[in-house]
Amino acid sequence: MTYDIYKQARNTAWKFLIDNEVNALPVKLSAICRRNNIALLYDDGKYLSDNKRGITFIDDNRKFNIVLNSNYSDAVKRYTIGHELGHIFLGHFTENTMNHFDMEYQAERFAIDILAPACVLWGLDLHKAEDIAKICNISMQSARIRAERMDILYKRNKFLTSSLEKQVFENFSDFIRQHKSK
């Protein structure tokens, strides 16, 4: 896995948060999909096997459609939407020379970076998976993975070194301030 693949996912996630004027957690994915003319659909058995969480396709009108498996929890469906948005906003539907594994890795990074932005978690001084899961409305499994990554990031203490990350943090500043005063 190259750092460039990770960096592209991270930077695209930051730009996504900025462009969609996201300033609070949990991120309102349904509203973002509506704003970007992306349909959210539940599978009727036509597209997904029982264990597949979601898929994205482009219809005849060139509109993106995210199809979700309704058998999963809301937190898992939210993460699946984030993952599928990653495929869309990272350009995986255009001519792409990236292999399948790298595209899936990128979409996973994008999903966690929009649902639980590291700089916002840092601003809130969150460390525990339980707290991350609650505030971000993500599954405990995703929150544990994010908490492990946050441990590394806290040790590095290199937050707000990118202009994009600074903008994301600034957009969330009122939310962080209100949340820390509770």
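Select Leu85 and show what surrounds it: beyond its neighbours within four places in sequence, Leu85 is in contact with Phe16, Leu29, Cys33, Ile38, Ile66, Phe110 and Ile114. Keep in mind that you're looking at a predicted model. Now widen the view to the largest nonpolar core, which has 46 residues. Leu85, Ile114 and Ile132 are the ones with the most contacts inside that core.

Next, pick helix 1, residues 3-19. Which of its residues are buried? Colour Ile5, Tyr6, Ala9, Arg10, Thr12, Ala13, Trp14, Phe16 and Leu17 to see them. Residues three or four places apart in an α-helix point the same way, because there are 3.6 residues a turn. The buried residues of helix 1 pack against several other helices, including helix 3 (74-89) and helix 4 (100-115). Try the distance tool too: the end C-alpha atoms of helix 1 are 24 Å apart, which agrees with the 24 Å that 17 residues should span at 1.5 Å a residue.

Now jump to residues 54-58 (strand 2) and 64-68 (strand 3), which run antiparallel and are joined by five bridges. Find Gly54 and you'll see Leu68 opposite, in strand 3. The two strands form a hairpin with five residues between them, and Arg62 in the turn has a positive phi of about 65 degrees.

Last stop: the rings. The whole structure has eight aromatic pairs. In one, Phe172 and Phe175 have ring centres 6.3 Å apart and planes at 80 degrees, so the pair is edge-to-face. Finish by selecting Trp122, Tyr154, Phe159 and Phe169, which form one aromatic cluster.

Note on methods. Residues are numbered from 1 along each chain as its sequence is written. This is a predicted model: local features need pLDDT of at least 70, side-chain atom pairs count only at pLDDT 80 or more; totals for chains, interfaces and linings use all residues. Side-chain values use heavy atoms; hydrogens and water are left out. Two strands pair if DSSP finds at least two bridges between them. Helices (H or I, at least four residues) and strands (E, at least two) are DSSP runs, numbered from the N terminus. A nonpolar core is a set of buried Ala, Val, Leu, Ile, Met, Phe, Trp, Tyr and Cys residues joined through side-chain atoms within 4.5 Å. Buried means under 20% relative accessible area, exposed over 50%, partly exposed in between (1.4 Å probe, protein chains only). Contact means heavy atoms within 4.5 Å. The expected span of a helix is 1.5 Å times one less than its number of residues. Rings of Phe, Tyr and Trp (its six-membered ring) pair if their centres lie within 6.5 Å; planes under 30 degrees apart count as stacked, over 60 as edge-to-face and the rest as tilted.
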